[in-house]
Amino acid sequence: MNKQRLLDKFRAISVEGKPLRQIYEEISSACMEEIRPDWGRRTRRTACYFSMEYLVGRAFYNNLMELGVLPEAEEIFAKKGFALSRFEEIEDAALGNGGLGRLAACYLDSAAARGLPLQGYGLRYRYGLFRQRFVAGEQVEEPEDWLAREDPWSVRREREKRRVTFADMTVVAVPYDMPVFGKTVNTLRLFQAEGSPEAEQISGFLYPPDDTDEGKLLRIRQEYFFSAAAIGEIVDKFIAVHGMHFERFPEFYALQLNDTHATFAVAEFLRILNRVHRVPLPEALEIARKTFHYTNHTVLAEALECWKEELVAQILPDIALILKQLHVFSLREWQKLGCTAEERQSMALLTDGYFSMANAAVYVARRVNGVAEMHTGILKEKLFRTAFKYYPNKFTNITNGVSQRRWLMLCNRELSALYDSRIGTGWRDDLGAIARIPADEAALSAFRAVKAEKKRQLREYIRKREGVTLLDDALYAAQTKRLHEYKRQFMTALAVLYLRFELKEGKREDFAPMVFLFGGKAAAGYRRAKEVIRFVNAVAELVAADEEVSQKLQVVFVQNYDVSYAEKIVAGTDVSLQVSAAGFEASGTGNMKFMMNGAVTVGTMDGANIEIAERAGGYNNYMFGVTAEEAELLRESYDPAAFAESNEKILRVVRMLTDGSLPGKPFEELYRATFTETYNSPDFYLCLYDLESYVDALLKVNADSRDEASFSRKQFENAIHSSFFSSDRAIEAYARKIWKLEQT
Ligand SMILES: *Cc1c(COP(=O)(O)O)cnc(C)c1O
């Protein structure tokens, strides 16, 4: 790529009288043209990432930054009277839900930055994750029509389209390539389904509802569609270069399954080798077992996919047959290994007419990894205990990471400039260097100025977007992430009500004004999570209308939380709230973004929180609540009603759910979830049980924040010790420990 030539192209673009969109397209196209010669270079060995989701976010600024032309471009266009920041009005691609999809995007980013050949494969959804709005405090979903216009950052590869066959239809898979810029230019290849209206549905929606057989079939189609298109192409490429020497396949490819969604890729690989190229199945399986790897992202039962054999067989008879053959192989192998019947059952690929995609992935994968130390521990000791007993070497941990390019350099240029001024720009390629910045008075006072500026920018942004002005001169605490019971946004809202009582009683004279920021979407069919949104909004309204506390407490739930919103929030936050019920958050990556931007964590002993507290020093963070082991024991005898009865302060808070003191209808659903019938045991996630220790942690961080000097030191020490949580570190670990890739 020739930087000067690209800048000249920018200079030649006129902005006069052109619509925003056109200017955007012209600049983007100039970049695409310029990188073409570097794109798609062949490497000896390639890793391929199979993921149902890529939450890429806004491509524009990131791409210009990776190309090393962002500041110059801004200057060039500023001279023409055009601010590049105006492109913030243009939608970003939301082809993912949350953490897992954003992780995939960070990994692609890091691999390119580190010169590692990693190609992404996925689905090009017509409609990404819905847009969220609140009407009377309730979530309303609107379709996200991101393809209403052409996306200049992707290229349709008409000549590389291929067919994917189901029993009842043949679908055309058309690849769209997005470049991933860095030291190498890698590719994210997303397949679009075409050929008929039914075919088009396959890449219609991210997570269509799958509570009916109809919905499940569509989901199976989606998973198989992109996996099969990718496998077909990868095997064809292999044959073109190496002929039919499939035994050499693992020398050239490492295939990574991001959760179980692409497990059909294994079956498709076996199908092609065995049914098409006549490789005996045992040999094909040997090859697969050197090629595939599987990352588990969650221990929640609902996310460990099981597909009814009948349904799979209905549209993919060959694939169902192969999965069954795998099942038979595995039973034989386990017999030889001397597994008991119970052990075989726990690892079974097929039970009671259902395929367990996780067990299939574990059986075939050469490496299985969890995403934080604690999570990998749970995989070994609980979820995949038997497999760990017989295949201990399969299991490894790679703690998640986030890209410091998007989550620091792009979203916090002020903090980045501070680092530059202290140690030069070398840290931008080697984040570990920031740990050597002394936290001296000069650095801390510069850091305080940066934080104040980022808070001001956030305030401004929220004022524009939500029409709410955050309290000035307050401590900003944020809980932004998908809505889920285990993440316990509900508990944070209860904590706010608890604090409100304390303040009203005049007990907390020294309480520093505190803003609780929420953001996140609830799955459209997840009733209880949607009720939590309504509850938080009701608490926000109550607090805002209460003159006794409204200058001390504020609650704001921002609408349509997405990557671009996250960029603003992580930089402008003082306190990161990571309060999942211990044992349920596999890793979390939001926690890392906040840390990287100098927020302290108020969190539970869960996922990567533990590693964050280790690296930043326990005294710089605020851990609270029961541990996963304690929680499990506790659940055997826990009675939330009796627990609440015994504590007047908790009782008066939970009474508010139904006594009419909050605006809107009573919160019957949340009341039931806490006390009575529910799909889990009442208060399964221990929101009441952990409430007081949570409030204590909040009061502690609030009190500490009053000493500006020592509090900013805590924040700064979090920031400069965050390099372990760079996805560069994580991706290099994948490359070294799992994929055996070389850097180019
Ligand atoms: C990082 C990120 C997430 C993941 O957040 P967690 O707190 O780890 O659940 C979800 N959504 C968006 C938009 C993100 O940027």
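This is a predicted model: local features need pLDDT of at least 70, side-chain atom pairs count only at pLDDT 80 or more; totals for chains, interfaces and linings use all residues.
# Notebook: one chain, looked up piece by piece

**Overall fold.** I started with contacts in the protein chain (heavy atoms within 4.5 Å): among those between residues at least 6 apart in sequence, 77% join residues at least 24 apart. I number residues from 1 along each chain as its sequence is written, and side-chain values use heavy atoms, with hydrogens and water left out.

Next I looked up the secondary structure, and the protein chain has 31 helices and 23 strands. Both are DSSP runs numbered from the N terminus, helices being H or I with at least four residues and strands E with at least two. The radius of gyration is 26 Å against the 27 Å that the globule rule gives for 744 residues, so the chain is as compact as a globular protein of that length. For the record, that radius is taken over C-alpha atoms, and the rule is 2.2 Å times the number of residues to the power 0.38. The C-alpha trace spans about 80 × 70 × 50 Å along its principal axes.

Buried is under 20% relative accessible area, exposed is over 50%, and partly exposed sits in between (1.4 Å probe, protein chains only). The chain exposes about 28,400 Å², and carbon and sulfur atoms supply 50% of that. Those areas come from the Shrake-Rupley method with a 1.4 Å probe; for residues, only the protein chains shown count as cover.

For charge I got 98 positive and 105 negative side chains, with the centres of the two sets 5 Å apart. Lys and Arg count as positive, Asp and Glu as negative, while His and the chain ends are not counted. Each charge is placed at NZ of Lys, CZ of Arg, CG of Asp or CD of Glu.

I checked α9 (residues 264-276), whose 13 residues reach 17 Å from first C-alpha to last, close to the 18 Å expected at 1.5 Å a residue. The expected span is 1.5 Å times one less than the number of residues. Of its 13 residues, 11 are buried, so α9 is largely enclosed by the rest of the structure. Among the buried ones I noted Glu268, Arg271 and Asn274, along with Phe264 and Leu270. Just after α9, Arg278 takes a positive phi of about 60°.

Then α30 (residues 708-720): it has 13 residues and reaches 18 Å, close to the 18 Å expected. Its buried residues include Phe711, Lys714, Phe716, Glu717 and Ala719.

**Leu415.** I found Leu415 in helix α18 (residues 413-423), and at 0% relative accessibility it counts as buried. Not counting residues up to four places away in sequence, Leu415 touches Leu408, Phe447, Val450, Met596 and Asn597. I also looked up its distance to Ala719: the pair are 304 residues apart in sequence and 9.5 Å apart in space, C-alpha to C-alpha. Ala719 is one of the buried residues of α30.

**Thr601.** This residue is in strand β22 (residues 600-603) and is buried, with a relative accessible area of 2%. Leaving aside neighbours within four places in sequence, I have Thr601 in contact with Ser576, Gln578, Ile612, Asn621 and Tyr622. Thr601 and Arg436 are 165 residues apart in sequence and 22 Å apart in space, C-alpha to C-alpha.

**Ala59.** I placed Ala59 in helix α3 (residues 59-66). It is buried, with a relative accessible area of 18%. From Ala59 to Asp430 I get 371 residues in sequence and 23 Å in space, C-alpha to C-alpha.

**Positive phi at two Asp residues.** Asp352 has phi near 50°, a positive value in a residue other than glycine. Asp352 lies in the loop between β14 (350-351) and β15 (354-356), and at 74% relative accessibility it counts as exposed.

Asp683 also goes in this entry, with a positive phi near 45°. Its loop runs between α28 (668-675) and α29 (691-704). Asp683 is buried, with a relative accessible area of 5%.
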